[in-house]
Amino acid sequence: MDGHELTTPTVDAPFLRALKGEAVFPPPIWIMRQAGRYLPEYKATRAVAGSFLQLCYSPKLAAEVTLQPIRRFGFDASIVFSDILVVPDALGQAVSFVEGEGPRLTPLPDAAAIAKLDPSKTGAIFESVYETVSLVRAGLPENVPLIGFCGAPWTVATYMIAGRGTPDQAPARLWAYRDPVSFQALIDVLIETSVVYLCGQIEAGAQAVQIFDSWAGVLPQAEFERWSIAPAKAITARVKARHPNVPVIGFPRGAGEFYPAFLEATGVDAIGCDTTMSPEFMASLAGKAAVQGNLDPLALIAGGAAMEDAAARLLNALRGKPHIFNLGHGILPETPIPHVEKLIALVRQGG
C-alpha cells in the first residue's frame with residue numbers, strides 16, 4: 001500500500017457528491033447491512049463459508065456477498081462485508097458468533113488484560129479485510145463507491161468488557177466510572193488500531209469510511225463527550241491527516257440531542273441518523289454536514305403506505321439538503337425483497 005487513496009471515476013458519484021455537501025436529488029441510496037440474511041444468495045454463500053467469521057475472513061466469499069446487493073438492486077454505494085468485532089479479534093481477544101444469539105468474546109477481566117492486547121498482531125486479520133476491499137473495488141461498477149468501516153471505540157469496548165451485548169452496556173459503563181484511567185487506556189488502543197484499520201481499507205480501495213457507534217445512546221452527556229465524541233474526533237483527524245479527500249461518516253446511534261455537538265466537535269463529513277430523529281431535525285443538521293438515514297427498518301418490512309409515507313416525508317423534508325437515503329439501522333433478515341425494490345424506485349422517483 002502506498003498511503004494514497006485510490007483515485008477512480010467514482011469521485012463524481014452521487015454518493016460522494018452528497019458527502020462533500022452537495023444537495024443531490026433524488027438522493028443516493030444504500031442500506032446498512034445491505035449484504036445479509038434477507039438475500040437468498042447471501043444465505044447460499046454463508047453456507048459455503050461455514051460460519052460468520054469464516055465468511056468475514058475469506059476474501060473471495062466476503063467480496064461476493066458485498067457485491068450481491070449491488071448486482072440485485074443497483075445501490076449507489078457498497079459497504080465492505082465485515083464486522084465491527086474484527087478489531088478485538090485481531091488484537092488477540094477471542095471472538096465467536098453463536099447462531100441466533102450474536103457475538104461472544106472472552107470478557108476482559110481487569111486492567112492487566114488491556115495491557116495484553118497487541119496491536120502488532122493485527123496484520124493477518126486486517127490483511128484479509130484489505131484483500132476483500134481490493135476484490136470488491138475491482139468488481140464494482142466504476143460509478144459505485146465503496147465504503148470501509150470500523151466500530152467506534154466506545155461500542156467495541158462495551159463488547160470487549162461484557163463479552164457480549166447487554167441491554168444497557170452496564171459492565172463497560174461501570175468500568176468507565178470506577179476506573180477511567182484504565183478505560184481510557186482501552187479506548188486509546190482502539191483509537192490507534194481503528195486508524196490503522198480504516199487507513200488500510202482506504203489504501204486498498206475504499207472511497208469513504210463510516211464509524212459505527214451503535215451504543216452511543218446509553219451514555220449521559222459528560223460520558224458521551226469523553227467516550228464517543230473524543231475518540232471519533234481523534235480517529236477522524238488522524239485518518240484525514242493521511243487521506244484528506246476521503247469522507248468520514250459518523251453514526252452515534254441513539255445520541256439524540258447530542259448529535260449537533262458530535263457533528264461540530266468531530267469534524268466528520270456526514271452523520272448517520274437513527275430512527276428516533278424527525279426529518280426536520282435531520283434537515284437542521286444538514287446545514288452543517290451531509291445527513292444519512294433514517295427510514296425505520298420495520299417500516300421497510302411493513303411496506304405499503306407505511307413505508308411509502310415515511311419515505312416521502314424524508315424526501316420532502318431533506319430536498320435541497322445534502323442527504324443520503326438509508327435506514328435508521330440495519331436491514332432486518334425478514335425484510336421482503338419486493339419492499340426493497342419498491343423503496344429504491346420511490347427514492348429514485350423523488351417520492
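**Questions on the predicted model**

Author: Gln169 sits in the loop between α8 (153-162) and α9 (170-178). The model is predicted, and every value discussed here is computed from it.

Reader: Is Gln169 buried or exposed?

Author: The cut-off for a buried residue is a relative accessible area under 20%. Gln169 has a relative accessibility of 1%, so this residue counts as buried.

Reader: What is the phi of Gln169?

Author: Most residues other than glycine have a negative phi. Gln169 is not a glycine, yet its phi is positive, at about 55°.

Reader: Where is Arg33 found, and what is its phi?

Author: Arg33 belongs to the loop between α1 and α2. Its relative accessible area is 51%, and because exposed means over 50%, Arg33 is exposed. Arg33 is a residue other than glycine with a positive phi, near 65°.

Reader: Which residue is joined to Pro26 by a cis peptide bond?

Author: Pro26 lies in the loop between α1 (14-19) and α2 (40-49). Most peptide bonds are trans. Here the bond is cis, with omega about -5°, and the partner of Pro26 is Phe25.

Reader: What is omega for the peptide bond from Gly293 to Asn294?

Author: Asn294 is placed in strand β8 (residues 290-295). The bond that leads from Gly293 to Asn294 is cis, and its omega is near -10°.

Reader: How many helices and strands does the protein chain have, and what is its radius of gyration?

Author: The protein chain contains 16 helices and nine strands. For 351 residues the globule rule gives 20 Å, and the value for this chain is close to that, so the chain is as compact as a globular protein of that length. The C-alpha trace spans about 55 × 45 × 40 Å along its principal axes. The radius of gyration is 19 Å.

Reader: What percentage of the residues is buried?

Author: The cut-off is again a relative accessible area under 20%. Among contacts between residues at least 6 apart in sequence, 74% join residues at least 24 apart. Of the 351 residues in the protein chain, the buried share is 58%.

Reader: What part of the accessible surface belongs to carbon and sulfur atoms?

Author: The accessible surface of the protein chain comes to about 13500 Å². The part that belongs to carbon and sulfur atoms is 54%.

Reader: How far apart are the centres of the positive and negative side chains?

Author: The protein chain carries 28 positive and 34 negative side chains. The centres of these two sets are separated by 1 Å.

Reader: Which residues are in contact with Leu343, leaving aside its neighbours within four places in sequence?

Author: With sequence neighbours within four places left aside, its contacts are Ile29, Ile31, Leu295, Leu300, Met307, Ala311 and Phe325.

Reader: How far apart in space are Glu22 and Ala289?

Author: Glu22 lies in the loop between α1 and α2 and is partly exposed, with a relative accessible area of 34%. Apart from neighbours within four places in sequence, Glu22 is in contact with Arg17 and Pro322. Glu22 and Ala289 are 267 residues apart in sequence, and their C-alpha atoms are 9.6 Å apart in space.

Reader: What separates the C-alpha atoms of Pro109 and Cys199?

Author: Pro109 is in the loop between β3 (102-105) and α6 (111-115). Its relative accessible area is 64%, so Pro109 is exposed. Pro109 and Cys199 are 90 residues apart along the chain, and their C-alpha atoms are separated by 30 Å.

Reader: Which residues does Ser128 contact, leaving aside its neighbours within four places in sequence?

Author: Ser128 is part of helix α7 (residues 123-139). Its relative accessibility is 10%, so Ser128 counts as buried. Beyond its neighbours within four places in sequence, Ser128 is in contact with Tyr57 and Pro59.

Key: Residues numbered from 1 in each chain as written. Predicted model: local features only at pLDDT ≥ 70, side-chain atom pairs only at ≥ 80, totals over all residues. Heavy atoms only, no water. Helix = DSSP H or I, 4+ residues; strand = E, 2+ residues; numbered from the N terminus. Rg over C-alpha atoms; globule rule 2.2 N^0.38 Å. Buried < 20%, exposed > 50% of the residue type's maximum accessible area, 1.4 Å probe, protein only. Contact = heavy atoms within 4.5 Å. Areas by Shrake-Rupley, 256 points an atom, 1.4 Å probe, with all protein chains shown as cover. Lys, Arg positive; Asp, Glu negative; His and termini not counted. Charge placed at Lys NZ, Arg CZ, Asp CG, Glu CD.
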